[in-house]
Each structure stands twice: as structure tokens, then as C-alpha cells.
Amino acid sequence: MREWVYPPVIRTALTLFRLLAIRFDMRGTDNVPASGGAVLASNHVSYLDFMFVGLPAHRARRRLVRFMAKKSVFDHRISGPLMRGMHHIPVDRKAGAAAYGHALDALRSGEIVGVFPEQTISRSFVPRPLKNGAARLAIEADVPMIPVVVWGGQRIWTSGRKPKLQRKVTVSIWVDSPLSRIEGEPAGDLTERLALRLRELVDEVLDAYPDRPRNGDEWWLPAHLGGAAPTPAEAAMHEQRSIHGTKLTDNAGS
């Protein structure tokens with residue numbers, strides 16, 4: 001297919017990265033396959049994760065990633081035309097079969113599909129429980145499932161906070177080797193292995209992350225590391241209250 005929209009969007013994103021002087025710690029880019037379908041299964045900490053997770057595929061292989069994203073993003077008057085023009089995949093949770101079929105077709109035609117199995121941004125900045133859609137896609141399409149961890153984007157723009165276009169933020173993007181395939185393994189078991197590996201990778205990324213909070217900005221560091229982000233339990237409570245229309249202010253701010 002002709003790519004009229006994706007290349008200029010990438011150029012715009014790269015220009016933004018340069019203006020913000022983002023310091024990228026990108027590892028494992030060779031784990032992105034040079035050809036053929038693959039599922040990139042990533043954690044989710046910021047609204048910019050789509051751009052960050054797609055960057056290793058572009059830099060290492062000059063490949064484009066088709067991301068599965070909420071239908072509301074496609075309905076927006078600005079982001080919608082861009083998302084459709086880049087051939088990303090809208091996910092309507094009330095009619096998920098259509099999105100699943102679209103992603104499956106893309107994988108079978110040799111595309112890379114990006115999935116955030118948590119389904120939404122983690123307010124605690126540690127991985128939430130995963131849905132098994134990514135594993136189902138990898139199994140049914142018979143393609144590799146590759147864990148990816150992105151970290152640092154929450155300092156620029158994340159759920160519950162206004163964008164803060166600060167300069168010289170370190171953004172880590174680590175691409176792991178594909179999860180080994182086990183003959184006959186159900187999607188639930190593969191999802192559990194993915195969840196375990198993402199948690200391990202997040203710990204590894206945090207150990208190597210060079211920046212530390214200062215001037216009272218501990219909000220972006222997980223609670224178990226002494227930061228002021230909500231704990232996973234507090235974040236889950238916030239999410240439940242939001243679903244039921246109850247306004248709640250937590251440590252993540254607004």
C-alpha cells in the first residue's frame with residue numbers, strides 16, 4: 001500500500017524529539033525482524049508510547065508498525081485522520097472481533113502490529129494485568145511475539161497530567177528477544193509469560209535509567225522505588241471510580 005501519511009508523521013515526530021533533545025536509550029533493535037509479521041507487545045506509560053515503540057522498527061529496519069488503538073483516538077478530529085492515514089487499527093471494545101480480524105490480516109500479510117496488552121496507560125507506571133489479545137494474535141497468525149518496554153515518556157505526557165514539554169528527558173526503549181514458542185500453549189499461558197517478562201524488563205530498565213526525580217517531581221517514579229506515583233492498588237481504585245463517574249484526585253496529579 002502507498003504510505004502518504006506515515007512518513008511525514010515520522011519526520012515530524014523526529015523533529016519534535018530533536019527539539020526536546022530527548023536522550024534515547026534504545027536497545028535490542030536487532031530483535032525487530034527484517035521481514036514478515038510480528039507482534040510488538042509493550043507496556044504503556046504515556047500518550048507518546050506509540051511513537052516511541054515504533055521507533056526501533058523504523059531505525060533498525062525501516063519498517064512501519066500498525067498499532068491497535070482505542071476507537072476514540074480515531075474519532076478525534078485531529079488524530080483520527082492521521083491514525084487512519086497510517087493504517088493503524090481501531091479497537092471498539094463493544095465490537096472487538098472486527099479489530100482482531102483486521103490485526104490478524106495485517107500479521108498474515110507480513111506487517112508488524114503493535115499492541116499494548118494493558119489496554120490503557122498504567123497510572124502506577126508498573127505493568128497492569130494483561131489481556132490475552134496479543135498472545136492470541138501471535139498464536140493464530142504464527143508470528144513472533146516480542147516484548148518491548150518503554151520508559152520515560154510519562155515525564156512528558158501521561159494520563160491525568162497536562163503535557164510538559166521539558167527538554168533532555170531520557171526515554172528508554174528496550175526490545176527483547178521473541179518469546180519462545182511452546183507447541184499447543186494456550187493464549188492465557190503465553191500471556192502470563194509475557195506479563196512476567198515485561199515486569200522483569202521494567203525492573204531492568206529502571207535499574208539502568210540514568211535520571212532521578214528532583215525539585216519535588218517524584219510523581220513519575222513508582223511507589224515501590226520511593227516515588228510518589230500511586231501504587232498499583234491505588235491506581236486500580238482510581239480506575240474503578242473513574243468508570244463509575246466519581247472524581248478522584250490521586251498522587252499522579254492532574
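**Exercise 1. Find which residues of H6 meet which residues of H7, and describe how the two helices pack.**

*Step 1: the residues.* Ala135, Arg136 and Ile139 of H6 are in contact with Ala187, Leu190 and Thr191 of H7; contact means heavy atoms within 4.5 Å. Helices are DSSP runs (H or I, at least four residues), strands are DSSP runs too (E, at least two), and both are numbered from the N terminus.

A word on the model: it is predicted, local features need pLDDT of at least 70, side-chain atom pairs count only at pLDDT 80 or more, and totals for chains, interfaces and linings use all residues. Residues are numbered from 1 along each chain as its sequence is written, and side-chain values use heavy atoms, leaving out hydrogens and water.

*Step 2: the classes.* Four of these contact residues of H6 and H7 are nonpolar, one is polar and one is charged. Here Ala, Val, Leu, Ile, Met, Phe, Trp, Tyr, Cys and Pro count as nonpolar, Asp, Glu, Lys and Arg as charged, and the others, Gly among them, as polar.

*Step 3: the geometry.* H6 and helix H7 (residues 187-208) pack at about 120°, their axes 8 Å apart. Axes are lines fitted to C-alpha atoms, for helices over the stretch in contact, and angles run from 0 to 180 degrees between N-to-C directions. The angle therefore makes H6 oblique to H7: under 35 degrees counts as roughly parallel, over 145 as roughly antiparallel, 65 to 115 as roughly perpendicular, and the rest as oblique.

*Step 4: the hand.* H6 passes H7 in a right-handed crossing. A crossing is left-handed if the near helix is turned anticlockwise from the far one by less than a right angle, and right-handed if clockwise.

**Exercise 2. Now work out how H5 crosses H6.**

*Step 1.* The axes of helix H5 (residues 96-108) and helix H6 (residues 133-141) come within 10 Å and cross at roughly 45°. So H5 is oblique to H6.

*Step 2.* The crossing of H5 past H6 is right-handed.

*Step 3.* On the H5 side you will find Tyr100, Ala103, Leu104, Leu107 and Arg108; they meet Gly133, Arg136, Leu137, Glu140 and Ala141 of H6. This contact of H5 with H6 has six nonpolar, one polar and three charged residues.

**Exercise 3. Identify the salt-bridge partner of Arg66.**

*Step 1.* The structure holds twelve salt bridges, each a side-chain nitrogen of Lys or Arg within 4 Å of a carboxyl oxygen of Asp or Glu.

*Step 2.* Arg66 pairs with Glu3, their closest N and O atoms being 2.4 Å apart.

*Step 3.* This pair links distant parts of the chain: Arg66 lies in strand S3 and Glu3 in the segment before helix H1 (6-19), 63 residues apart.
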